[in-house]
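Trainee: Hello! Could you show me how to read aromatic pairs and a few backbone features in a protein model?

Mentor: Gladly. Let's open the structure and go through it together.

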Amino acid sequence: MFQRKPERKQLHGVDANSAFFTSHARTVATPPKSPIEVGFADPSMIGIPKARPIRRRTSSSASAAGGAGAFGIFLLIWTVVVLACGYAYMETVKIPAIQGEVRRVEVATAAEVWTEQVSDLQTNVKKLQRDNAQLKKEQSQTDTVRMKELQENVDKLQTKLDQEREEHAQNLLAEQEKNSVSQVGSVLEMQKGIQELSKRALIEKFGPGPHKVEFEVNFPKEPLEQNWYFVVELAKVDDMPHTVYTFLQQISNHLYDDGGYSFFANAGHVVQGGPVSNHLTPKGISPAGNFKESGYETVLFPEYSTHMRHKKYTLGMSGRPGGPKFYINMIDNSKNHGPGGYATDGTGDPCFGKIIRGLDVVEKLHAASGPLDNGNWKDTEGGPVAVRSVKILK
């Protein structure tokens with residue numbers, strides 16, 4: 001039994017052995033001799049079917065097969081090229097474009113979301129601001145009401161406090177007036193007692209008076225041997241006993257002597273004296289200290305008598321209660337230096353003597369400060385005028 005010899009397969013659409021089949025067509029197409037042809041006259045006699053003849057491949061069919069293979073290769077290459085171009089297009093153009101579009105859409109979406117969020121945030125902020133303003137307004141109104149209530153309470157308390165204070169002040173004033181009357185009575189009685197004791201001591205030690213004293217002074221620009229004098233007649237014993245007694249005690253203790261006292265300043269209305277060092281004061285000596293140590297630095301109260309007013313050329317004690325400074329009135333100072341004058345306690349300065357001789361010396365003292373204007377104080381030129389001595393005249 002004979003079989004057809006299998007055909008060779010084409011590679012990539014081209015018959016690689018086409019030439020072989022062409023050159024050996026006769027051999028391939030001619031099968032080997034059958035047994036009939038070898039020894040039997042009729043093949044049917046031996047039961048062997050008659051073999052079909054093998055068709056030969058012609059050159060036209062081979063050419064058609066070769067063309068179909070070339071076209072397949074071209075189609076394959078074209079397909080590859082198209083796919084490569086498509087891939088390149090997709091890689092370089094389409095995909096980036098799609099990615100860009102995606103990014104744009106994403107950015108736009110994010111921007112839209114962000115814008116929406118910002119808008120929501122702004123809306124919330126505005127709402128919070130409105131709420132805050134409303135709260136502030138309500139708080140302000142509440143605070144205003146509270147402050148008004150507090151102020152009303154404070155005003156009520158202040159009014160009540162003022163009323164209580166006024167009542168207390170009135171009660172205190174009434175009590176003070178009551179006590180004052182009693183104290184004034186006691187003070188007046190005390191002052192009268194001091195005056196009685198001073199009068200008794202004055203008469204006993206210095207006589208009944210009238211008492212006169214002489215001041216010896218030396219000007220700083222003049223020779224030491226050139227001295228000037230003025231005489232003071234003191235107030236009567238019955239009028240100013242305590243002040244006169246104190247002044248005479250100062251003199252008897254030599255507190256004025258040897259530069260222990262000075263006339264050191266002037267104003268238009270007075271010549272001012274006091275325990276101030278001068279060119280005659282010994283070194284190491286304190287005139288003010290001497291007065292203080294003596295126990296007669298001041299009077300015990302501002303004694304005053306209507307019989308001794310602050311007329312021109314009278315002597316008055318400075319300060320409160322009075323002394324050791326005194327002044328010489330160069331004008332009538334009765335209004336300013338008397339009761340109800342400049343003194344805050346309503347009392348007058350003690351006026352205890354009047355210059356009766358040496359008025360030219362007093363004027364010289366007043367001129368020692370140079371020209372005086374508008375009542376201003378001026379120190380004496382060249383230094384204080386020294387008191388060399390004060391003597392009690394018999």
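Mentor: Keep in mind that this is a predicted model. A search of the whole structure turns up 17 aromatic pairs.

Trainee: How is a pair of aromatic rings described?

Mentor: The description uses the distance of the centres and the angle of the planes. Take Phe247 and Tyr256: their centres are 5.7 Å apart, with 70° between the planes, and the pair is edge-to-face.

Trainee: Is Phe247 buried or exposed? And what about Tyr256, buried or exposed?

Mentor: Phe247 is buried, because its relative accessible area is 0% and buried means under 20%. Tyr256 is buried too, with a value of 1%.

Mentor: Phe247 also pairs with Phe352. Here the ring centres are 5.0 Å apart and the planes meet at 50°, so this pair is tilted.

Trainee: Where in the chain are Phe247 and Phe352?

Mentor: Phe247 belongs to helix 5 (residues 241-252), while Phe352 belongs to strand 7 (residues 351-357). They are 105 residues apart, and the pair links distant parts of the chain. Phe352 is buried as well, at 0% relative accessible area.

Trainee: Which residues form the aromatic cluster?

Mentor: One cluster brings together Phe215, Phe230, Phe247, Tyr256, Tyr261, Phe263, Phe291, Phe326 and Phe352.

Trainee: What sits over the ring of Phe219?

Mentor: The charged end of Lys364 does, 4.7 Å from the ring centre. Lys364 also lies over the face of Trp228, at 4.9 Å from the centre of that ring.

Trainee: What is the phi of His254?

Mentor: Phi of His254 is near 60°, a positive value. Asp258 has a positive phi too, near 55°. His254 is in the loop between helix 5 and strand 3 (262-266), and Asp258 is found in the loop between helix 5 and strand 3. His254 is exposed, with a relative accessible area of 54%, and Asp258 is exposed at 52%.

Conventions:
Residues are numbered from 1 along each chain as its sequence is written. This is a predicted model: local features need pLDDT of at least 70, side-chain atom pairs count only at pLDDT 80 or more; totals for chains, interfaces and linings use all residues. Side-chain values use heavy atoms; hydrogens and water are left out. Rings of Phe, Tyr and Trp (its six-membered ring) pair if their centres lie within 6.5 Å; planes under 30 degrees apart count as stacked, over 60 as edge-to-face and the rest as tilted. Buried means under 20% relative accessible area, exposed over 50%, partly exposed in between (1.4 Å probe, protein chains only). Helices (H or I, at least four residues) and strands (E, at least two) are DSSP runs, numbered from the N terminus. A charge sits over a ring if NZ of Lys or CZ of Arg is within 6 Å of the ring centre and within 35 degrees of the ring normal.
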